[in-house]
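Subject: Structure handover

Hello,

My notes on it follow below.

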Amino acid sequence: MKLHDLKPAPGSRKERTRVGRGIAAGKGKTAGRGTKGQKSRAGGSIPAWFEGGQTPLQIRVPKLRGFKRRDRIEYQVVNVGRISAYAAAGRFGVESSELGGTQGAAGDPVTVNVEVLRRAGLVSTERKPVKVLGSGDVTEKLFVATDAVTRSARQKIEAAGGFVQVLAAAKASDDASAGDSTAEPVSDEPASEPEPEPEPEPEPEAESEAASHDEGTDPPKRRSRGTSTESTDTDL
């Protein structure tokens, strides 16, 4: 075999189709592009993300607009003006014996809690916490027991002669008092004094050196290795 005998494998090379060279070639006239339309024109290409004119996907999807905390508290909100209007109309005292919300004698505040608000229709359920907002005017004395309250609502209630009790703070104080009650009781008896620790005994070597100093004699010196070797050399 020589160099001019080398050929590519059958079927590995294929000549490209020459289009637009007459109808006899099979790819003349429209050259495989079809009749008219955007794709039949020169340079007429459509992007992969094009959806025919409708709102594309990247516009339809919602964008990042912050996030929601996993431990967030969803309150049921009630304006203090509506509570005062309901109290003035006597709608909290219809079933006062069952609810505990009383429209008592003159000067007594109207007790308002989540049960009263639920029966009056101001909140939808008793399972979620309630927050009192400060919109509206207060004309009645109110005792509001709620989970949260705004500063303006508290000021309006207290200005009308009422007062507010925040249940979360009361619960925290109950837990603190329970923690204090579980602490160990302090006895009235005076604490006993700690026993003195025994003094450590001196080492025997220290005692012998002290005794030799008292007698006026020097303590015996230890021989070093150098002196022992010298003595052996002299003996030899």
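The side chains of Gln76 and Ser124 are joined by a polar contact of 3.1 Å. A polar contact here is a pair of N or O atoms within 3.5 Å; within protein, one must be able to donate a hydrogen and the other to accept it, and residues adjacent in sequence count only if both atoms are side-chain atoms.

Before the rest, the ground rules. This is a predicted model: local features need pLDDT of at least 70, side-chain atom pairs count only at pLDDT 80 or more, and totals for chains, interfaces and linings use all residues. Residues are numbered from 1 along each chain as its sequence is written, and side-chain values use heavy atoms, with hydrogens and water left out.

**Gln76**

A polar atom of the Gln76 side chain also lies 2.8 Å from the backbone oxygen of Thr125. Is Gln76 buried or exposed? Gln76 counts as buried because its relative accessibility is 10%. The cut-offs: buried is under 20% relative accessible area, exposed is over 50%, and partly exposed is in between (1.4 Å probe, protein chains only). Gln76 sits in strand E1 (residues 76–79). Helices (H or I, at least four residues) and strands (E, at least two) are DSSP runs, numbered from the N terminus. Setting aside neighbours within four places in sequence, Gln76 has contacts (heavy atoms within 4.5 Å) that include Val123, Lys128, Pro129, Val130 and Lys131.

**Strand pairing**

E1 and E3 run parallel, joined by four bridges. Two strands pair if DSSP finds at least two bridges between them. Opposite Asn79 stands Leu133 of E3. E3 also runs parallel to strand E5 (residues 148–149), with two bridges. There, Lys131 has Ala148 of E5 as its bridge partner.

In a regular strand the side chains alternate between the two faces of the sheet.

**Core**

The largest nonpolar core has 22 residues. Such a core is a set of buried Ala, Val, Leu, Ile, Met, Phe, Trp, Tyr and Cys residues joined through side-chain atoms within 4.5 Å. Which residues touch the most other members? They are Ile83, Phe92, Val112, Leu117 and Leu142. At least two core residues each come from helix H2 (80–88), strand E2 (110–112), helix H4 (114–120), E3, strand E4 (142–146) and helix H5 (151–159). H2 gives the largest share, four residues.

Take Leu117. Beyond its neighbours within four places in sequence, Leu117 is in contact with Val78, Ile83, Phe92, Val112, Leu122, Val123 and Val130.

**Salt bridges**

The count is four salt bridges. The rule: a side-chain nitrogen of Lys or Arg within 4 Å of a carboxyl oxygen of Asp or Glu.

- Arg60 with Glu51, closest N and O atoms 3.0 Å apart. Arg60 is partly exposed at 45% relative accessibility. Glu51 is partly exposed too, at 28%.
- Arg69 with Asp71, 3.2 Å from N to O. Asp71 counts as exposed because its relative accessibility is 54%.
- Glu158 with Arg154, 4.0 Å from N to O. Both lie in helix H5, four residues apart, about one turn of the helix. Glu158 is partly exposed at 42%, and Arg154 is partly exposed at 29%.

Regards
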